[in-house]
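This report goes through a few features of the structure shown below. Please keep the sequence and the 3D view at hand while reading.

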Amino acid sequence: MNDITPPVPPESPADPSPGPGGGPPEQAPGGSSSADRLEPSPPTSEPQPLPPSDEAAIDVRDLSHRFGNHMAVDRVSFQVTPRSLHGFVGPNGAGKTTVLKLICTLLKPQTGSVHVHGKDVDRQTKDVRRQIGFMPDHFSMYRQMTVTEYLDFFAAAYGLNTADRHRVIGDVLALTDMDGRRDSLISGLSRGMQQRVGLARVLVNDPDLLLLDEPASGLDPRARIELMEILRALRQMGKTIFISSHILSELAELCDSVTIIDRGHIRYSGAMRDLLEQNSDAAVYRLSVPEEQPGLEERLLALEEVVSAERIEESLEFRISCSPGAESDNRLLAAVLGLEIPIESFQKELRHLNEAFMDLTEQGVR
Amino acid sequence: MFRGTLALMTRGLRFDCRRWQMHALRFLLVGFFLLFLFVAWFSSLAALGSAPGLNFFWSITFTNYAFVTLAGMSFFTSTITEEKEEQTLGLLKMAGVNPLGILLGKLGPRLVNALLLLAIQFPFVQLAVTLGGVLHRQVQAVYITLAGYIVLMAGVGLIASVIAHHTRRAALLVSSAILTPLALQFFVYGIFSSVTFPTGVYDTINWFSIWSVVERLRTVMSLGFDGSPIGQQFYTHMAAGAVLFVGSWLIFERCTGQPHSPTGSREVSHNVRRRIRFRSLGTAMLITAPVLLAVLLAYSHARSAITGIAFQRVPTYEVVVAVCLTLAVGLPIITLIVAAVRPTAAGSDIGECWPSARSIVWKDLNFVSGGAVGMMVRVSLYSLITGLIAFVMGALSGEWDLTAQAAWMFGVGLIGGTMELASSLGRSLRSEVQSQTLSTLTLLPRSIRSLLWAKVAGGMATMIPAGVMTLIGGAFVFVPLIRDIGDFGSRESLTSILVILMTVVAGVLEILVFLELTAFFALTIRWGYVVLALICTYFMNTTGWIVGTLLSLGGLIGGSATGGGRIVGILAMVLPWILAIGIASAVVVALFYAIESRIRRLAGQS
């Protein structure tokens with residue numbers, strides 16, 4: 001038996017869902033449970049106050065921003081736990097970039113508040129700027145500079161002394177695997193490499209929080225995979241990463257928590273796993289056996305916890321559904337093991353983020 | 001072909017209709033007209049001039065001439081380059097529009113716009129005839145002259161736009177094409193005033209003068225003009241415009257066939273940067289300094305040793321020319337030698353970035369203003385100009401004296417330095433907008449105001465050579481002037497000092513307004529920001545001058561009528577200055593806040 005997903009400790013239905021990144025329990029903007037959050041909340045619903053969170057890397061409360069007659073962001077509230085990788089997803093024109101710019105101090109909040117590590121972005125702008133690194137969704141570069149000159153300029157602008165600058169530039173170039181191109185002109189670099197230089201620039205002041213707006217946009221698959229690897233490494237280094245992206249499959253794999261925004265309203269904010277596990281009817285597991293097991297479908301159906309069991313086409317895999325409330329990895333796994341059959345893999349079937357995204361966001365162009 | 005051309009023309013006309021800049025330009029012209037008309041009316045009322053219509057028409061003509069010249073440097077230079085910059089030229093070709101169609105479709109709307117601007121003035125300018133001093137024939141002749149000049153400028157702008165990859169480069173080409181003949185004219189007049197040439201030379205020069213729009217306007221505006229409204233200048237300008245258009249068509253494919261790869265040119269500048277650094281330039285200057293001193297002290301003796309003339313009789317201007325030429329030629333040579341001898345440093349080519357707020361100065365100095373190479377070129381250029389002025393005044397006119405030389409140096413240095421600072425500041429801000437780096441820059445932990453000051457400092461660093469020239473010239477001009485004022489305690493001296501002080505303050509404020517306008521326009525429009533700032537400053541200056549003059553006159557007339565005497569006279573002289581300084585100060589402050597707000601807005605948008 002291999003590739004079995006480690007069993008999750010049983011949790012009471014009454015337990016609140018874990019907060020983003022496994023952090024403190026989190027409440028949706030509407031104050032509803034995570035199961036309720038799957039239903040798109042009406043945009044006019046009154047947001048409830050979030051629990052106090054001085055420890056949050058990002059604490060957004062009742063944030064609104066209007067461009068002329070267009071309400072880009074409407075009473076948005078969510079939190080991001082320190083040292084987590086938080087995805088920020090939404091359709092085009094949903095307000096993602098506006099929220100990012102409000103967090104990184106490029107825009108001033110018109111109503112509501114944004115705190116970064118407890119500091120108000122409106123009042124303690126300079127302090128916040130020292131703590132963040134923002135990578136916009138376009139190449140924001142001095143293309144006539146070499147990579148070293150570019151990084152040296154930003155490191156100097158952040159006030160690092162010469163020795164520190166040498167060390168930091170070496171470190172960030174090594175991290176982004178750009179050491180071999182340090183004397184290349186930025187204009188001569190490929191798109192993927194320029195993106196890495198952009199990421200290296202974000203890191204020169206050693207920020208606690210990285211705000212990345214569509215960092216993988218326009219990159220080829222290799223460059224995207226490499227970028228995701230760098231982000232994983234950064235998370236391991238203890239950075240909080242807030243990433244806006246359209247590439248949902250990678251976000252699902254990468255992020256601890258996610259916020260989904262649509263038409264200026266938050267549709268979901270919480271742990272990624274919670275979002276993906278949500279299913280309106282039952283928890284679904286996938287069982288894979290190494291060889292043909294006659295009558296296995298019926299034996300599975302006979303188990304008390306199982307509502308339905310079906311073979312997936314002609315394969316040796318079975319999809320098992322449990323009744324709501326009965327979904328407990330351990331209990332079901334124990335029952336399946338009790339059947340004394342050889343098992344190749346047993347894992348909970350998760351929804352794709354795409355599905356969740358489609359469920360939560362509305363159709364149509366803004 | 002014509003379908004594509006018409007589509008391009010329609011798009012161009014629609015685009016121009018939507019652009020606020022075009023409407024602002026029209027309003028500006030109307031503003032000028034009203035102003036000039038008001039002055040003419042006031043002059044006729046006060047019986048200040050003999051021919052108010054002529055004065056009015058002169059003002060309009062000069063403004064039109066300046067506008068057309070500036071349009072040639074900016075409006076027409078982006079005809080093709082804007083498609084290159086937006087990378088849409090290839091799409092136009094793929095859509096089946098041939099080069100002739102593109103040229104016609106792109107140039108047509110601009111030419112129509114420019115000619116319409118001229119045409120709409122025509123009925124209103126007839127008022128000049130009513131006011132007196134101008135004939136219908138003269139009005140017709142002037143407008144035909146200007147129409148020909150517009151066609152020529154359109155041709156020059158178009159060919160520069162085809163050749164250059166960017167509007168800035170095209171504008172530089174056109175500016176050189178316009179300014180070089182002016183400089184040559186200055187030089188040639190210097191030669192002709194002192195040297196006698198054979199008649200054939202004069203005939204050739206006269207033949208060339210039919211090209212000159214200034215000469216033609218002078219002829220037309222002369223008293224009793226009775227020539228044809230269509231002069232040779234019109235035909236030559238039309239023909240030259242057509243030749244330039246055909247030339248643009250012929251070279252179009254060659255210049256636009258391959259997409260421009262900026263990497264190559266950057267590689268070259270990168271390699272040059274790698275060799276010539278500020279340290280090399282500094283060392284070269286240290287080596288050049290004793291050479292210059294030696295030339296200064298030994299030139300007269302050396303010349304007398306060679307020619308046998310007593311060294312006391314060697315003209316001073318020759319020493320000035322020798323020193324300037326040594327600096328102009330010697331500094332680049334010595335710098336290149338130093339750069340070749342000095343081993344190339346590893347790592348950053350231009351040395352490490354300056355710390356904290358100065359990092360922005362470092363960036364702008366090296367990557368916007370040309371760095372050490374740009375500085376070297378500027379030192380050589382300003383030295384060369386100083387030497388040329390001394391040469392023209394001394395050798396050719398025979399009227400060299402230190403004060404005149406200093407006045408020229410002061411003027412050239414001040415104008416050149418101001419233009420350099422404006423251009424550098426504008427380019428620095430524009431490049432941030434174009435490369436979408438304003439957001440990353442404003443996210444640095446410092447205020448936008450300090451960012452702006454750093455950019456100004458970066459621009460000021462580029463004008464060090466011009467600044468030195470201005471200071472040297474200024475010292476030789478103002479020190480004797482102050483000395484001439486005499487007794488500082490007397491009322492006359494105090495009035496003179498007050499006037500000088502106010503003139504200086506007003507001048508500085510005017511420069512500040514020009515710089516701020518350039519910065520603001522650089523953040524607002526893609527090209528022609530310096531030209532537009534220049535036009536606006538000129539408008540402000542003209543308005544201020546006219547209003548000031550009217551106030552002074554009004555004050556004097558009122559004073560003499562009421563018997564106010566001396567006090568009223570002083571007040572009439574001083575009050576317009578105070579008013580001008582007050583208004584200019586308010587504009588400076590308002591523009592500063594406008595720039596700050598614009599940067600914040602653009603950073604939020606990018």
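A salt bridge is a side-chain nitrogen of Lys or Arg within 4 Å of a carboxyl oxygen of Asp or Glu. The model discussed here is predicted. A search of the whole structure finds 32 salt bridges over all chains. Three of these pairs are set out in the table.

| Arg167(A) | Asp164(A) | 3.6 Å |

Arg167(A) and Asp164(A) belong to helix α5 of chain A, which covers residues 162-175. They are 3 residues apart, or about one turn of the helix. Arg167(A) has a relative accessibility of 46% and therefore counts as partly exposed. Asp164(A), at 29%, also counts as partly exposed.

Arg196(A) counts as buried because its relative accessibility is 13%, under the 20% limit for buried residues. Glu226(A), with a relative accessible area of 25%, is partly exposed.

In chain B, Asp364(B) and Lys363(B) are both buried. Chain B also holds a network of salt bridges that links Arg11(B), Glu82(B), Glu83(B), Lys106(B) and Arg110(B).

Chain A contains an open sheet of 4 strands, in the order β2-β1-β4-β5, with antiparallel pairing. Which strands stand at the edges of this sheet? They are β2 (70-80) and β5 (119-120) of chain A; each has a single partner strand, so one side of each is left without a neighbour in the sheet. Strands of a sheet pair through backbone hydrogen bonds. Strands β1 (residues 58-67) and β4 (residues 111-116) of chain A are joined by 5 bridges and run antiparallel. Within this pair, Arg61(A) has Ser113(A) in β4(A) as its bridge partner. Helix α2 of chain A, residues 96-103, packs on the sheet and touches β1, β2 and β4 of chain A. The direction of helix α2 makes about 120° with that of β1(A).

Chain B has 24 helices and 0 strands. Of its 606 residues, 46% are buried. Among the contacts in chain B with a separation of 6 or more, 79% are between residues 24 or more positions apart. The chain exposes about 29400 Å², and carbon and sulfur atoms supply 72% of that area.

Technical notes: Residues are numbered from 1 along each chain as its sequence is written. Chains are lettered from A and ligands numbered from 1 in the order in which they are written. This is a predicted model: local features need pLDDT of at least 70, side-chain atom pairs count only at pLDDT 80 or more; totals for chains, interfaces and linings use all residues. Side-chain values use heavy atoms; hydrogens and water are left out. Helices (H or I, at least four residues) and strands (E, at least two) are DSSP runs, numbered from the N terminus. Buried means under 20% relative accessible area, exposed over 50%, partly exposed in between (1.4 Å probe, protein chains only). Contact means heavy atoms within 4.5 Å. Accessible areas come from the Shrake-Rupley method with a 1.4 Å probe; for residues, only the protein chains shown count as cover. Two strands pair if DSSP finds at least two bridges between them. Axes are lines fitted to C-alpha atoms, for helices over the stretch in contact, and angles run from 0 to 180 degrees between N-to-C directions.
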